[in-house]
Protein chains: 2
Amino acid sequence: MSRIAFIGLGNMGAPMAANLLKAGHALRVFDLTPAAVDAAVAAGGVAATSAIDAVVDADIVISMLPASRHVEGLYLDASSGLLPHIPTHALVIDCSTIAPATARKVAEAAAKHGLAMIDAPVSGGTAGAAAGTLTFIVGGEATALERARPILANMGKNIFHVGSSGAGQVAKLCNNMALGVIMAVTGEALALGVSHGLDAKVLSQMMAVSTARSWATEVCNPWPGVLENAPASRGYTGGFGNDLMLKDLGLAAEAAMSVGASIPLGELARNLYAMNSRAGHGGLDFSSVVKLVAKDV
Amino acid sequence: MSRIAFIGLGNMGAPMAANLLKAGHALRVFDLTPAAVDAAVAAGGVAATSAIDAVVDADIVISMLPASRHVEGLYLDASSGLLPHIPTHALVIDCSTIAPATARKVAEAAAKHGLAMIDAPVSGGTAGAAAGTLTFIVGGEATALERARPILANMGKNIFHVGSSGAGQVAKLCNNMALGVIMAVTGEALALGVSHGLDAKVLSQMMAVSTARSWATEVCNPWPGVLENAPASRGYTGGFGNDLMLKDLGLAAEAAMSVGASIPLGELARNLYAMNSRAGHGGLDFSSVVKLVAKDV
């Protein structure tokens, strides 16, 4: 069992930390929100007084933060950055979804402090975090991943090693960019069919066993009433927020520009999710993007 | 066993007719290309001297033609149109992929001649046609579909009744529009990953079990070498041609405009496949659209 510092106890971090506690690890936890720390303590963790206090005696440091600036601040801040305080034998695992360039920058700085670090963003959402069935998409050295593997296995069921530092972030953005486009075009297709008098459920059933099948037709169908358990059937609540998809598409656009890559559909999708956010749906599940093209959903 | 008139013996029609012959039906076949007729006769069909000659004694009339204008001409031409020559007890099944408005127009004209007609475009490609595993997407009266069902079952394995006349065409266009977008964005995602140093095969394997999974990641991956049996791994030959996808996206755009529907991603994809055609790749598999955004594929 390891001594783990867990920083960031939000919608994803809290259930991930809970699964590590269930597996028998000793966790020192920190979050800027006291209530989040209290909940983790109730689950068996020890409250740290600061992020530095959490890491000083750790074998493993795990962070799960909202965006690039939080990760950069946590590790690299001139006064409160963690890197000088983490024991050099420790392994650092950042599970946040952030810009690949930031992931590389932090990993390089960690290496200068003698620390091994991997980027391990996740796929599977809050349901996967709670069930311990997340997919980890890992960038970094293979030896570091092998050290992390038993810990990650306590929180997820699939682990993909996709390349060196930052590659986990790139791969996650590639997946989510495609997902964002697939969701939006599935909405377009269903709205087009309904405009011609078709039934969205019958059309979805046909598409789900045909060449247009996807997670959007089979699991998270954007049309209300087609799938009972999808966010669309409960007013687009729960699920993966529109503004989180918007954030990932923005990161994909930055990643594309940084290497001169073309992502015409990804860019258009980013604009569609931005329009859906502007329409007041930023907090709804991202499948609510169908509202841009459909009536009465 | 039925007396069937089969008109249109191209890449799809020929294997469909062959499966009907195997099932024991009596076929009178016609095509403007004599070699296509010869091949169907070798498979057990009887050559008709004209489309009219094919249908005069038929119980079932099946057409499988390239585009709306061919279907409209076949059935409605003032001098050679088939409708006045088809026995009124016969059932007409058009399997072509055409504009929904054309399908409705021809079905209405058929009804005026006392003829039942369904639109039954297919999904599954030439491989599905040869194997008898096509999916039929049917628009028209339920009673007409029930008469057609045993015949369709000789050529395919899934039959979806999606609505009244023209609905089969609408549903097929919805599916293919989504497919065209999904294929193109999968190419964008893989090209973005490769530009950042990722391996297209590892990235595809991750996406294939994640939320971006689709027929494009699992069956017809657009990156050469990822899937041995995909067109991309044999120079983008075989498969579903770029210009056929371009045709379907054009029909989807017409269908959207006719009801004031928005298909922003579908329209952008139509432009991408048009650019790929302009680049000289019109005859290649539609997954070659990745060439617009990737080097060395």
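Strands of chain B

Strand E1 (residues 3–7) of chain B pairs with strand E2 (residues 26–30) of chain B in the parallel sense, over five bridges. Before I go further, please keep in mind that this is a predicted model. Within that pairing, B:Phe6 stands opposite B:Val29 in E2(B). To get from E1(B) to E2(B), the chain passes through helix H1 (residues 13–22) of chain B, and this β-α-β crossover is right-handed.

Next, the other neighbour of this pairing. E2(B) is joined by two bridges to strand E3 (residues 46–47) of chain B, and the two run parallel. B:Val29 comes up again here, standing opposite B:Ala47 in E3(B). Helix H2 (residues 34–42) of chain B makes a right-handed β-α-β unit together with E2(B) and E3(B).

Back to E1(B). It also pairs with strand E4 (residues 60–63) of chain B, in the parallel sense and over four bridges. The bridge partner of B:Ile4 in E4(B) is B:Ile60. On its other pairing, E4(B) meets strand E5 (residues 91–94) of chain B, parallel, over four bridges. B:Ile60 has a bridge partner in E5(B) as well, and that is B:Leu91. Helix H4 (residues 68–76) of chain B, with E4(B) and E5(B), makes a right-handed β-α-β unit.

Which way do the side chains of E4(B) point? B:Ile60 and B:Ile62 point one way, B:Val61 and B:Ser63 point the other way, and all are buried. In a regular strand, side chains alternate between the two faces of the sheet.

Helix packing in chain B

I have two helix pairs to show. For the pair made by helix H5 (residues 100–112) of chain B and helix H8 (residues 167–195) of chain B, the axes come within 8 Å and cross at roughly 165 degrees. H5(B) and H8(B) are therefore roughly antiparallel to each other, the cut-off for that term being an angle over 145 degrees. Their crossing is right-handed. On the H5(B) side the contact is made by B:Pro100, B:Ala103 and B:Arg104, and on the H8(B) side by B:Gln169, B:Val170 and B:Leu173.

The second pair is helix H11 (residues 242–259) of chain B and helix H12 (residues 264–281) of chain B, which pack at an angle of about 150 degrees with their axes 9 Å apart. That angle makes H11(B) roughly antiparallel to H12(B). The crossing of H11(B) and H12(B) is left-handed. The residues of H11(B) that meet H12(B) include B:Met245, B:Leu246, B:Leu249, B:Gly250 and B:Ala253. Among the residues they meet in H12(B) are B:Ala269, B:Arg270, B:Tyr273, B:Ala274 and B:His281.

Is B:Thr186 buried or exposed? B:Thr186 lies in helix H8 of chain B, and it is buried, because its relative accessible area is 1%, with the cut-off for buried at under 20%. Not counting residues up to four places away in sequence, B:Thr186 touches B:Ser214, B:Ala216, B:Thr217 and B:Pro222.

B:Ser204 is in helix H9 (residues 200–208) of chain B. With a relative accessibility of 2%, B:Ser204 counts as buried too. Leaving aside neighbours within four places in sequence, B:Ser204 is in contact with B:Leu190, B:Thr217, B:Asn221 and B:Val226.

Now to chain A. A:Asp285 lies in the segment after H12 of chain A. A:Asp285 has a relative accessible area of 0% and is therefore buried. Beyond its neighbours within four places in sequence, A:Asp285 is in contact with A:Cys220, A:Pro231, A:Tyr236, A:Gly238, A:Gly239, A:Phe240, A:Gly241 and A:Asn242. From A:Asp285 to A:Ala191 is 94 residues in sequence and 18 Å in space, C-alpha to C-alpha.

Last, A:Pro264, in helix H12 (residues 264–281) of chain A. A:Pro264 is partly exposed, at a relative accessible area of 25%. What is A:Pro264 in contact with, leaving aside its neighbours within four places in sequence? The contacts are B:Glu188, B:Leu268, B:Leu272 and B:Val293. A:Pro264 and A:Gly13 are 251 residues apart in sequence, and their C-alpha atoms are 33 Å apart in space.

That is what I had; I will take questions now.

Notes: Residues numbered from 1 in each chain as written. Chains lettered and ligands numbered in written order. Predicted model: local features only at pLDDT ≥ 70, side-chain atom pairs only at ≥ 80, totals over all residues. Heavy atoms only, no water. Buried < 20%, exposed > 50% of the residue type's maximum accessible area, 1.4 Å probe, protein only. Pairing = 2+ DSSP bridges. Right-handed = clockwise from strand over helix to strand, strands pointing away. Axes fitted to C-alpha atoms, helices over the stretch in contact; angles between N-to-C directions. Parallel < 35°, antiparallel > 145°, perpendicular 65-115°, else oblique. Left-handed = near helix turned anticlockwise from the far one by under 90°. Contact = heavy atoms within 4.5 Å.
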